[in-house]
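Subject: Structure handover

Hello,

Here is the structure I said I would pass on. My notes follow below it.

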Amino acid sequence: MFNFKTNKFARLSLVILLLAVTVIAGCSSNNKDTVKLAYVAWDSEIASTNVVKEVLESKLGVTVEMLQVDAGPMWAGVADGSADAMVAAWLPGTHASYLEKYGNDMEDAGVNLDGTKIGLAVPAYMDVNSIEDLNKPEVAASLDNRIIGIEPGAGIMTATETALEAYGLSGYTLLESSSAAMAQELQKAFDNNEPIVVTGWTPHWMFANMDLKYLEDPKNVYGGDEQIHTMVRTGLKDDMPEVYTFLSQFKWTPEDMAQVMVKIQGGESPEEAAKDWVDNNEAKVNEWLAGVADQG
């Protein structure tokens, strides 16, 4: 049995414990001031994620941590809650396998961009118009039987592997690289008027800087126009309602995105290009923030 002094000590210990719990809870709450955005280092997603980061930090006063990963870990991170959101879900085709695997463990906060497209792209000066033309011996020889790809695991790489099989392009090699390396290789060939075929997608600055065309896809391997969706972790709406409202209302156009991408390609840092765009598009940014103040 405890004596008075012992009980007094126990009560004091309990008070200290409760204070500690309160402090920890307070720290946890403070963590809600940091938003973790997962993204893939594609030019399009670098642009959109930096614009979202700029708005979150300059308008909502939260800290943003950007997590650069491949497509698979990006989806997995939002699904397991290690990332709060991403604005880079290409649907319904490119990321269909990821949606099937992780879609039930996250929330689709809506479309942020309409009218995307993927496929095989070549310079307009090349005398080929269809993926089927790649089977011509002289075309294959001019290309060294190579298709310049991007990061392994990207949806467009999976689609291109399917295209190789569907069109009987067994003699071709799909080269894995990165989106930056692919664009650099394309620019080099374009400047020298040389033949090249790459895995392409729009929006992308390369279509603004070079005269390119998609190869026709009569077997519809790459599908039609797509959309980019914003995906958020389960529970974000309750934990960070202001952030959720903004993310669910974030929507822009391919032309908007191209403005940011071209500036980055021209030498501005992604942060500078995003800030410039946000500063010069106040009306659109205000649409994204409608109702956010009411939740503060």
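Asp133 is buried, at a relative accessible area of 16% (buried means under 20%, exposed over 50%, partly exposed in between, with a 1.4 Å probe and protein chains only). Its side chain forms a salt bridge with that of Lys136, at 3.7 Å from N to O; a salt bridge here is a side-chain nitrogen of Lys or Arg within 4 Å of a carboxyl oxygen of Asp or Glu. Lys136 is partly exposed, at 37%.

This is a predicted model, in which local features need pLDDT of at least 70 and side-chain atom pairs pLDDT 80 or more, while totals for chains, interfaces and linings use all residues. Residues are numbered from 1 along each chain as its sequence is written, and side-chain values use heavy atoms, leaving out hydrogens and water.

The whole structure has nine salt bridges. Another of them pairs Lys284 with Asp256 at 2.7 Å, N to O. This pair links helix α13 (residues 282–288), which holds Lys284, to helix α11 (residues 254–265), which holds Asp256, 28 residues apart. Helices (H or I, at least four residues) and strands (E, at least two) are DSSP runs numbered from the N terminus. Asp256 is buried at 8%, whereas Lys284 is partly exposed at 23%.

As for strands, β1 (residues 34–39) and β2 (residues 63–68) run parallel, joined by six bridges; strands pair if DSSP finds at least two bridges between them. Thr34 has Thr63 as its bridge partner in β2.

Regards
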